[in-house]
Amino acid sequence: MFESLGFEETTAKEISVLLGLSLGVLFGLLAERTRFCFRRAVVGEDARQAAGVWFTALAVAILGTQASVASGLIGFADHRLLSSDLPVLAVVLGGLMFGAGMVLTRGCISRLTVLGGTGNLRALTVLLVFAVVAHAMLKGVLAPLRTSLGAVTVDLGETVSLAALPGGAALWTALLALASLLIAARSGNRALPLLGAALIGLLVPLGWVGTGYVLFDEFDPITMESLSFTAPAADTLFYTIASTSIAPGFGTGLVGGVLLGALAAALLFGSFRWQSFDSPRQTGRYLAGATLMGMGGVLAGGCTLGAGLAGIPTLSLAALLALTAIALGARLTDAALNAASSGSAGYPATPGQQPAE
């Protein structure tokens with residue numbers, strides 16, 4: 001379609017930066033206001049309300065994405081999430097690592113990117129370390145570890161997505177969306193947060209259709225992608241330090257847009273405030289969590305957005321496995337931290353003041 005838009009001196013990749021920037025600004029604004037975060041939905045003190053927000057977004061993302069597939073605008077036949085060789089060890093181990101990391105940092109990487117725009121220096125530090133480690137896993141010294149773990153695969157054959165199971169895409173789309181909406185309906189949220197969550201979910205099909213249909217150029221194709229933070233964070237880091245050698249893409253625009261959108265929301269609603277680490281112990285915990293998320297996000301094939309909010313709407317079995325492993329890793333790590341804080345004598349210890357989420 002890109003050829004028919006009349007751009008003669010601008011490439012699809014250059015326009016994709018603006019698309020990513022626009023979607024990122026909207027995500028940053030909406031996520032800052034709704035406190036959108038998968039970690040809170042799994043182990044947060046307000047898990048029920050947070051789950052309502054997250055699964056409302058997921059329901060809309062599923063319906064919008066599969067409607068786009070049904071209408072013939074996009075397709076995922078050649079997408080990495082639907083590869084017949086499932087790197088099961090990498091996905092499971094990566095998901096567990098990412099889940100553990102987001103508990104240690106008290107936020108998934110999308111939430112921490114949003115918090116970075118509100119003046120949270122802890123979140124910005126995590127984002128930087130996350131990007132460095134993710135880049136090392138993708139193209140640096142940790143790449144051999146990724147390829148070794150990724151070599152352990154299971155051949156799924158034609159059954160790479162729920163669409164290949166009895167009932168087809170329509171049935172599984174309806175079941176996933178209905179289950180998500182039931183969670184939202186029982187969350188006790190007011191209408192406004194759920195509306196904001198629905199708008200976040202709508203950004204997912206907009207990303208898929210924008211990069212996979214509107215900007216499709218058969219002479220100079222770009223990757224079809226949507227909301228994600230693992231590879232985009234690494235790409236943004238690389239672009240920042242070597243912008244004269246490489247061109248930005250959709251992911252770079254997305255990360256920059258999220259920071260700008262969250263900053264705008266924080267300034268507009270008076271929630272901007274500088275925050276930093278309270279102690280060396282807390283710093284070490286956050287750095288460890290950032291490292292685990294950076295490694296885990298690459299191994300699992302995405303974060304809670306890339307493999308979760310944007311991945312599950314593709315009906316990919318790999319995405320479902322990754323998000324399940326992330327949730328399990330978070331629950332196990334949270335339980336271990338709670339057990340450690342109870343004290344050796346078996347009496348509950350008074351926990352230290354937790355940082356703002």
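**Entry: surface patch.** I began with nonpolar side chains on the surface. Leu18, Leu21, Leu260, Leu263 and Leu267 form a nonpolar patch there, and together they have about 430 Å² of accessible area. I note here that the model is a predicted one. Which helices supply the patch? Helix α1, residues 12-34, and helix α11, residues 250-269, each give at least two residues. The most comes from α11, which gives three residues. I then checked one member by itself. Leu21 sits in helix α1. Its relative accessible area is 31%, so I logged Leu21 as partly exposed.

**Entry: salt bridges.** I searched the whole structure for salt bridges and got three. I took Glu32 and Arg33 to start. Their side chains meet in a salt bridge, at 2.8 Å from N to O. Is Glu32 buried or exposed? Glu32 counts as buried, at 9% relative accessibility. Arg33 is partly exposed, with a relative accessible area of 40%.

Next I looked at Asp46. Asp46 forms a salt bridge with Arg35, with the closest N and O atoms 3.7 Å apart. Which parts does this pair tie together? Arg35 lies in the loop between α1 and α2 (38-43), and Asp46 lies in the loop between α2 and α3 (47-70), so the pair ties together parts that are 11 residues apart in sequence. Asp46 also forms a salt bridge with Arg40, and here the closest N and O atoms are 2.2 Å apart. I wrote the three down as a group: Arg35, Arg40 and Asp46 are linked in a network of salt bridges. Arg35 is partly exposed at 32% relative accessibility, whereas Arg40 is buried at 4%.

**Entry: charge over a ring.** I came back to Arg33 for its other contact. The charged end of Arg33 sits over the ring of Phe269, 4.2 Å from the ring centre. Arg33 is also the salt-bridge partner of Glu32.

**Entry: aromatic pairs.** How many aromatic pairs does a search of the whole structure find? The search finds eight. I recorded the geometry of two examples.

- Phe27 and Phe36 have ring centres 5.9 Å apart and planes at 85°, so I logged the pair as edge-to-face. Phe27 and Phe36 are both buried.
- Phe272 and Trp274 have ring centres 5.1 Å apart and planes at 80°, so this pair is edge-to-face as well. Phe272 is partly exposed, at 27% relative accessibility. Trp274 is exposed, with a relative accessible area of 63%.

**Entry: cysteines.** I checked for disulfides next. A disulfide is a covalent bond between the sulfur atoms of two cysteines. The count comes to zero. The cut-off I worked with is 2.5 Å between the sulfur atoms. Cys303 is in no disulfide either, and its nearest cysteine sulfur, that of Cys108, is 7.4 Å away. I looked up burial for two of these residues. Cys37 is buried, with a relative accessible area of 2%. Cys303 is buried too, with a relative accessible area of 0%.

- Ile222 is in the loop between α9 (191-214) and α10 (230-241). It is partly exposed, at 22% relative accessibility. Ile222 and Lys13 are 209 residues apart along the chain, and their C-alpha atoms are separated by 6.3 Å.
- Gly289 lies in helix α12, residues 280-300. It counts as buried, at 0% relative accessibility. Gly289 and Met137 are 152 residues apart along the chain, and their C-alpha atoms are separated by 16 Å.

Terms used. Residues are numbered from 1 along each chain as its sequence is written. This is a predicted model: local features need pLDDT of at least 70, side-chain atom pairs count only at pLDDT 80 or more; totals for chains, interfaces and linings use all residues. Side-chain values use heavy atoms; hydrogens and water are left out. Buried means under 20% relative accessible area, exposed over 50%, partly exposed in between (1.4 Å probe, protein chains only). Rings of Phe, Tyr and Trp (its six-membered ring) pair if their centres lie within 6.5 Å; planes under 30 degrees apart count as stacked, over 60 as edge-to-face and the rest as tilted. A charge sits over a ring if NZ of Lys or CZ of Arg is within 6 Å of the ring centre and within 35 degrees of the ring normal. Patches are made of residues with over 30% relative accessible area and no salt bridge: like charges are joined within 9 Å, nonpolar side chains (Val, Leu, Ile, Met, Phe, Trp, Tyr) within 5 Å. Accessible areas come from the Shrake-Rupley method with a 1.4 Å probe; for residues, only the protein chains shown count as cover. A salt bridge is a side-chain nitrogen of Lys or Arg within 4 Å of a carboxyl oxygen of Asp or Glu. Helices (H or I, at least four residues) and strands (E, at least two) are DSSP runs, numbered from the N terminus.
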